[in-house]
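Here is a short briefing to read alongside the sequence and the 3D view. Keep both open and follow the residues as they come up.

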Amino acid sequence: MMQKMINNQGLHYVVDIDIKGFFDNVDHGKLLKQIWTMGIQDKRLLSILSAMLKAEIEGIGIPNQGTPQGGILSPLLSNIVLNELDWWISDQWESFKSKNTYSRNDKKIRAIRNNSKLKECYIIRYADDFKIMCRTIDQAKRIFAAVKLWLKERLNLEISKEKSKITNLRKKSSEFLGFSIRAIPKGKKKVNNNEVNVNKYVARSRIKPEAIKKIKEKGKALIKIIQKHPTLKNIGLYNSYVMGIQNYYRIATHSSLDFHEIGYYLDRVSKIRWKRISTRRGSPNLVYAERYKGYKKKKLYIKGVIIFPMSACKTKDARCFSNKINRYSHDGRKEIHQRLKHISDHELSYLVKNPVANRSVEYNDNRISLFSAQSGVCAILGERLEVNHFHCHHKLPISKGGTDKYQNLAILSPEIHRLVHAIKPETIHQLLAKLMLTKKQLIKVNKFRVNVGNLVIKESSSRLMGRCMR
């Protein structure tokens, strides 16, 4: 979101607000009133929440304020506490109700910007960590003072003077959720044969130095564990850690540079510590082949399992979430339905009226949701399926502990579904000849086959079927 505001809206001033001991100073009475006002008015539930808040802490006693540090409920409660702040800041500019009507939102913003003295500001928040983006230093100073006063008067919360500040992103970087973000000049142009900087700034984000240090330390610790106990479980934990870190930080614009640095460090550590247990011989698994396609460096194996490379990470564009989408409000549901307009009312009605017999309610509900989410398209072929001619596949079979949960289901064409479960070679050959799968599609099919306990279909078999058809 910060990157979008820097790139598209030219907002270069950020107000950093750090609430002093937020989780220790939440007012219980105020919190319960906020929950009631939101519409959660079940007294039994409120009694349970109140009991959780007042649970005795060993060595301290019964607290009269604050939420449990590290408690599973604390992030949700922090969102409830600061929900008022979100909407108060939004009403200052983003959702300000104008007397005039405008055909487009950008016209409304332009009119307010030119004809009012409102503070242009946008809040970006995760739990109790938040920043407010502003256009000018004057607006930033005004919103800083206003937020400080609002938090004190409305929520009785103090801000940390040492950590709260205003930052000009064109001069200094700002850190948020493990990222370091700054606005840098974009390119140059010639004016009368002289090169001058363009008056355009774009976001440059990287992994913050403290986070890089922690990633290295954690990676080194996992490498040491594998050195002492080279089990499949420990190797899997290391690979999972690599993928998790890459998934989180790859939205940084310069993440590839930071991962190159981290990977270089971990490669040196592993080269020394894994010298006696590693080998260069083996075959990559399907996850590696799909995730690190095109990665040319030498592969490393321990006990036949490939080690995922930390340095092999490509930047992925960050996507903004629309706050209009909300299944709990009329307008939010309308927005969801609007986005599902490629699935006709007739199709949805057919699915509702024709559930799969002898299946759970959860399965049939998730089957409808998944058909809508996939736009009625097969997860492998990418082709539109008829509402009365598709299969809902369990990625992990019920017989192996799988469930009817949404995450364990996939919409497939009947032919692909047969191929996933096929065991007889002649059946597999017939389906391959009919489907003419690409290499990428075959990798996906094999992923499903491995999950259900079937053998991988070799690429050579698929190519042979293609030649026979020609």
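The notes below go through salt bridges, aromatic pairs, surface patches and backbone angles.

This is a predicted model, in which local features need pLDDT of at least 70, side-chain atom pairs count only at pLDDT 80 or more, and totals for chains, interfaces and linings use all residues. Residues are numbered from 1 along each chain as its sequence is written, and side-chain values use heavy atoms, with hydrogens and water left out.

**Salt bridges**

- A search of the whole structure finds 13 salt bridges; the term stands for a side-chain nitrogen of Lys or Arg within 4 Å of a carboxyl oxygen of Asp or Glu.
- One of them joins E84 and R154, whose closest N and O atoms are 2.3 Å apart. This pair links distant parts of the chain, with E84 in helix 5 (residues 74-92) and R154 in helix 7 (residues 137-155), 70 residues apart. Helices here are DSSP runs of H or I with at least four residues, strands are runs of E with at least two, and both are numbered from the N terminus.
- E158 pairs with K152 in another salt bridge, where the closest N and O atoms are 2.8 Å apart. E158 is partly exposed at 41% relative accessibility, and K152 is partly exposed with a relative accessible area of 37%.
- D258 and R206 form a salt bridge as well, their closest N and O atoms being 2.9 Å apart. Because D258 sits in helix 10 (residues 255-273) and R206 in strand 9 (residues 201-207), the pair ties together parts that are 52 residues apart in sequence.
- D258 has 2% relative accessibility, so it counts as buried, whereas R206 is partly exposed at a relative accessible area of 28%.

**Aromatic pairs**

- The structure holds 9 aromatic pairs. Rings of Phe, Tyr and Trp (its six-membered ring) pair if their centres lie within 6.5 Å; planes under 30 degrees apart count as stacked, over 60 as edge-to-face and the rest as tilted.
- Y288 and Y292 make a tilted pair, at 5.1 Å centre to centre and with 50° between the planes. Both of these tyrosines are buried.
- Y292 also pairs with F308, this time edge-to-face, at 5.6 Å centre to centre and with 65° between the planes. Y292 lies in the loop between helix 11 and strand 11 (301-302), and F308 in the loop between strand 12 (305-306) and helix 12 (330-339), so the pair ties together parts that are 16 residues apart in sequence. Both Y292 and F308 are buried.
- Elsewhere, F179, Y248 and Y249 form one aromatic cluster.

**Surface patches**

- Patches are made of residues with over 30% relative accessible area and no salt bridge, joining like charges within 9 Å and nonpolar side chains (Val, Leu, Ile, Met, Phe, Trp, Tyr) within 5 Å.
- Which residues form a positive surface patch? They are K271, K275, R276, R280 and K298.
- R280 is found in the loop between strand 10 (278-279) and helix 11 (286-291), and it counts as exposed because its relative accessibility is 52%.
- M38, I40 and L45 form a nonpolar patch on the surface, with about 240 Å² of accessible area together.
- I40 lies in the loop between helix 3 (28-37) and helix 4 (43-53), and at 32% relative accessibility it counts as partly exposed.

**Backbone angles**

- A127 is not a glycine, yet it has a positive phi of about 55°. A127 lies in the loop between strand 2 (121-126) and strand 3 (129-134), and its 16% relative accessibility is why it counts as buried.
- N358, a residue other than glycine, has a positive phi near 60°. N358 lies in the loop between helix 13 (345-353) and helix 14 (361-373) and is exposed, with a relative accessible area of 83%.

How values were computed:
Accessible areas come from the Shrake-Rupley method with a 1.4 Å probe; for residues, only the protein chains shown count as cover. Lys and Arg count as positive and Asp and Glu as negative; His and the chain ends are not counted. The place of a charge is taken as NZ of Lys, CZ of Arg, CG of Asp or CD of Glu. Buried means under 20% relative accessible area, exposed over 50%, partly exposed in between (1.4 Å probe, protein chains only).
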